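The sequence and structure come before the notes.

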Amino acid sequence: MSLDKYLVEHCSPTLASLKTANMFSCAYENETALNTAVATLNELFKEKGVELIVLKKANNTALIYVCRKKMLCDDLNKNGVSEFLREYGYCSTDTEYALDMLKARLAEQKDFPHEIGIFLNYPLGDVKGFIEQGAQNCLCSGCWKVYCNECEAIKMFNKYKKCREVYSRLYAEGSRDILQLTVSR
């Protein structure tokens, strides 16, 4: 099972170290093959600071979170995040604890728990805005719905889009493999 194409399509900003994390869903037929593919990529990416984590498996579909844990640690320790996460039952912003709690919340809910935006490097104000507004009244929409700082969000959306385009082109033409596309951090 090759996850490389998923990584290029859905996680280029994380591979490029522009973003803390991305995630994607992929179908699998064999759980052992999935686990082996994830373990192989984790070994490959270890020196680059990128890790793949299976957040949830259901109906032969895996939700895979691709992150830079050092950046996630920084995100979890930003002003207001600890207090925000506490409202959803997170007793700590320790990275491993927070990821385990997110997995538990994903397992108990059919929909995504809204705090997942924090784990995807969305601004706290936009995560709160989405929860408070029920996905209505946003200023703009791209990788996420924006409720504050529209100009900065649009710049980021454009940067992520350009990154995906460049990574997809380089990967498709065979001039770079997945490890070469992954920035060390």
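Buried means under 20% relative accessible area, exposed means over 50%, and partly exposed lies in between (1.4 Å probe, protein chains only). This is a predicted model, in which local features need pLDDT of at least 70 and side-chain atom pairs count only at pLDDT 80 or more, while totals for chains, interfaces and linings use all residues. Residues are numbered from 1 along each chain as its sequence is written, and side-chain values use heavy atoms, with hydrogens and water left out.

**Cysteines**

- A search of the whole structure finds 0 disulfides, a disulfide being a pair of cysteine sulfur atoms within 2.5 Å.
- Cysteine 26 is buried, at 1% relative accessibility; the closest cysteine sulfur to its own is that of cysteine 11, at 10 Å, which is too far for a bond.
- Cysteine 148 is partly exposed, at 36% relative accessibility; its sulfur lies 11 Å from the closest cysteine sulfur, in cysteine 140, again too far for a bond.

**Strands around β3**

- Strands here are DSSP runs (E, at least two residues), numbered from the N terminus, and two strands pair if DSSP finds at least two bridges between them.
- In strand β3 (residues 61-67), 6 of the 7 residues are buried, so the strand is largely enclosed by the rest of the structure.
- β3 pairs in the antiparallel sense with strand β1 (residues 21-27) over 7 bridges, and with strand β2 (residues 51-58), also antiparallel, over 7 bridges.
- Alanine 62 in β3 is the bridge partner of cysteine 26, and lysine 57 also stands opposite alanine 62.
- The hairpin of β2 and β3 has 2 residues between the strands, and asparagine 59 takes a positive phi near 50 degrees there.

Terms used
Helices (H or I, at least four residues) and strands (E, at least two) are DSSP runs, numbered from the N terminus.
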